[in-house]
Amino acid sequence: MIAVLPFYSTQVLEYTNFLYWSFAVVAAIILGLVIFFTYRYTTKYKAKSPKDKPQNGSLNHKFEAFALITSFLITVFFMFFTVQSMKEIQTIPDDPKPDIIITGHQWWWEAEYPNSKVITSNEVHIPAGKKVLLALNSADVIHSWWVPELGRKIDMIPGMTNYMWMYAEKPGEYLGTCSEFCGMQHARMRIRVIADDEANFKKWQEEQLEPVITEGSALFEKGRNLFEQKTCTNCHAINGTSYNENIGPNLTHFASRKRFLGDFKEVNTTNLRAWLHDPQKVKEGAKMPNFILSDQELNALVEYIIHLK
Ligand code: CUA
């Protein structure tokens, strides 16, 4: 894994390799001794009759001391270099200017890009081939951010900001998951990081900054009105409108995303309708209330939200 993080110094990479090989040697020695003594026990040391008593052989104090001191020194040796490498990997500037602020919520992710002012949820876009500084927060309980291919795991703690570097060598989609138990739907708090090449990342940002459509078919207009009447606006922000409560996911350009509900469901009219119809049935425990919408209301709301591209 470390090998795909070329911004680590050669020293760290060499140390990592050295660490792997040293552990392999130590593991091989221990495993060899276990096999050897298992064999000896079943042959040489086996009791020949039930009357055989185990013999108290003379303890080899010198050997014991040697084993104890050696393993202690090995531990201290590796700990010293490991801590040094960790420091180097995790160097955060004194005055960090994060590229993305990620906030964990029960059970979805919010991503805010302070430079461009883009706010999105669940799908995190990053430029490939560039170190990205993340600031990580939580809105409720402790979550933990972990996209194994892109860097370390880090806790998201309410009232505290943690920082980490993330790096994707190549464009592509990288999956991760919340890795700290955070309640009922912890297992459905998946992460999808999309690394774009430079041009696509720029394009994505520009698209996200475009104003949302406010006019459309009669059904669309009805949906937009319902969005206000049914108090969806008390929790959901749509940039470029007067709806700016960031309690639930920001729905600006919702339909440009592939998945929703913490990467649980694909964005399409069927899934959206099922969700609006009965959120608890789709994702039990979710904070989204059931507004007991009629069929017509559902049609209109789906028509509105699915056009937020
Ligand atoms: Cu969030 Cu587990």
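**Ground rules.** For this page I take helices (H or I, at least four residues) and strands (E, at least two) as DSSP runs, numbered from the N terminus. My subject is a predicted model, where local features need pLDDT of at least 70, side-chain atom pairs count only at pLDDT 80 or more, and totals for chains, interfaces and linings use all residues. Residues are numbered from 1 along each chain as its sequence is written, and side-chain values use heavy atoms, with hydrogens and water left out.

Entry 1: I began with UniProt, whose unreviewed entry puts the feature "transmembrane region" at residues 20–42 and 63–83. UniProt positions are in the numbering used here, feature names are shortened, and annotations may be inferred rather than shown by experiment. I then checked the model: residues 63–83 are 100% helix and 0% strand, with end C-alpha atoms 30 Å apart. For residues 20–42 I also found 100% helix and 0% strand, and there the end C-alpha atoms lie 33 Å apart.

**Entry 2: the whole chain.** I counted seven helices and 12 strands in the protein. The radius of gyration, taken over C-alpha atoms, is 28 Å, well over the 19 Å that the globule rule gives for 309 residues, so the protein is more spread out than a compact globule. That rule is 2.2 Å times the number of residues to the power 0.38. Along the principal axes, the C-alpha trace spans about 95 × 50 × 30 Å.

I also looked up burial, where buried means under 20% relative accessible area, exposed over 50%, and partly exposed in between (1.4 Å probe, protein chains only). Buried residues are 38% of the 309. For contacts (heavy atoms within 4.5 Å), I took pairs at least 6 apart in sequence and found that 62% of them join residues at least 24 apart.

**Entry 3: the annotated domain.** The unreviewed UniProt entry places "domain: Cytochrome oxidase subunit II copper A binding" at residues 95–207. In the model I read this span as 9% helix and 48% strand, with its end C-alpha atoms 30 Å apart.

Inside it I stopped at H105, which sits in strand β1. Is H105 buried or exposed? It is buried, at a relative accessible area of 8%. Setting aside neighbours within four places in sequence, I listed the contacts of H105 as E110, A139, D140, H143, M189, N246 and I247.

K202 belongs to helix α3 (residues 198–209) and is exposed, with a relative accessible area of 56%. I noted that K202 and P127 are 75 residues apart in sequence and 8.5 Å apart in space, C-alpha to C-alpha.

**Entry 4: positive phi values.** Which value does phi of T231 take? I found phi of T231 near 60 degrees, a positive value in a residue other than glycine. T231 is in the loop between α4 (218–229) and β11 (259–260), and at 34% relative accessibility T231 counts as partly exposed.

L261 also went on my list, with phi near 60 degrees, a positive value in a residue other than glycine. I placed L261 in the loop between β11 and β12 (265–266). At 9% relative accessibility, L261 counts as buried.
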